[in-house]
Amino acid sequence: MNKEDYMRRAIELALQVPEFPFGAVIVRRATGEIVAEGFNQSALNPAWHGEMVAINHCAQSHSSADWSEFDLYTTAEPCPMCQSAIEWAGIGTVYYGTSIPYLQNRNWWQIDIRAEEIAARTPFRNSRVVGGLLEAECNELFDKAPRGMFHKAT
């Protein structure tokens with residue numbers, strides 16, 4: 001599998017909750033093995049964003065792993081909470097599709113701090129943040145999402 005395949009899997013996961021199409025996949029870089037997956041479950045718990053669910057699943061099944069060997073693929077740029085958790089976990093690289101500014105321009109609620117800024121302000125990690133992977137396909141998820149509580153009134 002390649003990077004696009006992993007992002008397509010994140011998109012498949014995101015489609016399980018079309019109102020909040022945030023899907024995430026964690027991959028062991030050296031082998032290409034998907035070690036954990038997640039999708040937004042904030043209807044159950046406001047902290048259960050797709051990345052947080054994937055991180056929790058990974059911690060349950062790979063607690064002793066070197067997390068710097070993992071990459072995370074997510075349909076949207078991680079919010080400050082998720083990117084901070086990514087940094088604490090030590091995940092090596094994050095690939096995302098839709099950017100925070102794109103979501104803001106479409107009236108999605110987003111905290112205005114970019115994932116790269118969180119990574120840059122984390123001196124004890126060397127994580128990378130790479131945006132724009134399958135961006136058009138990811139943007140479409142959010143453009144088609146039903147308007148709900150996490151959209152500003154327009």
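What follows is a short chat about side-chain contacts in a predicted model.

Me: How many aromatic pairs does the structure hold?
Reply: Seven. One of them is Y6 with Y73, a tilted pair at 5.2 Å centre to centre, with 40° between the planes.

Me: Where do Y6 and Y73 sit in the chain?
Reply: Y6 is in helix α1 (residues 3-14) and Y73 is in strand β3 (residues 70-76), 67 residues apart, and the pair links these distant parts of the chain.

Me: Is Y6 buried or exposed?
Reply: Buried, because its relative accessible area is 6% and the cut-off is under 20%. Y73 is buried too, at 3% relative accessibility.

Me: Which residues form the cluster with Y6?
Reply: Y73 and Y95 form one aromatic cluster with Y6.

Me: Switching to charges. How many salt bridges does a search of the whole structure find?
Reply: It finds 10. One is R9 to E37, at 2.7 Å, N to O. R9 lies in helix α1 and E37 in strand β2 (residues 33-39), so this pair ties together parts 28 residues apart in sequence.

Me: Which residues are in the network with R9?
Reply: E12 and E37, joined with R9 by salt bridges that share partners.

Me: And R8, what does its side chain meet in a salt bridge?
Reply: D5, at 3.7 Å, N to O. R8 and D5 are both in helix α1, three residues apart, which is about one turn of the helix.

Me: Last one. Where does the charged end of R106 sit?
Reply: Over the ring of Y102, 3.8 Å from its centre.

Conventions:
Residues numbered from 1 in each chain as written. Predicted model: local features only at pLDDT ≥ 70, side-chain atom pairs only at ≥ 80, totals over all residues. Heavy atoms only, no water. Phe/Tyr/Trp six-rings, centres within 6.5 Å; stacked < 30°, edge-to-face > 60°. Helix = DSSP H or I, 4+ residues; strand = E, 2+ residues; numbered from the N terminus. Buried < 20%, exposed > 50% of the residue type's maximum accessible area, 1.4 Å probe, protein only. Lys NZ or Arg CZ within 6 Å of the ring centre and 35° of its normal. Salt bridge = Lys/Arg side-chain N within 4 Å of Asp/Glu carboxyl O.
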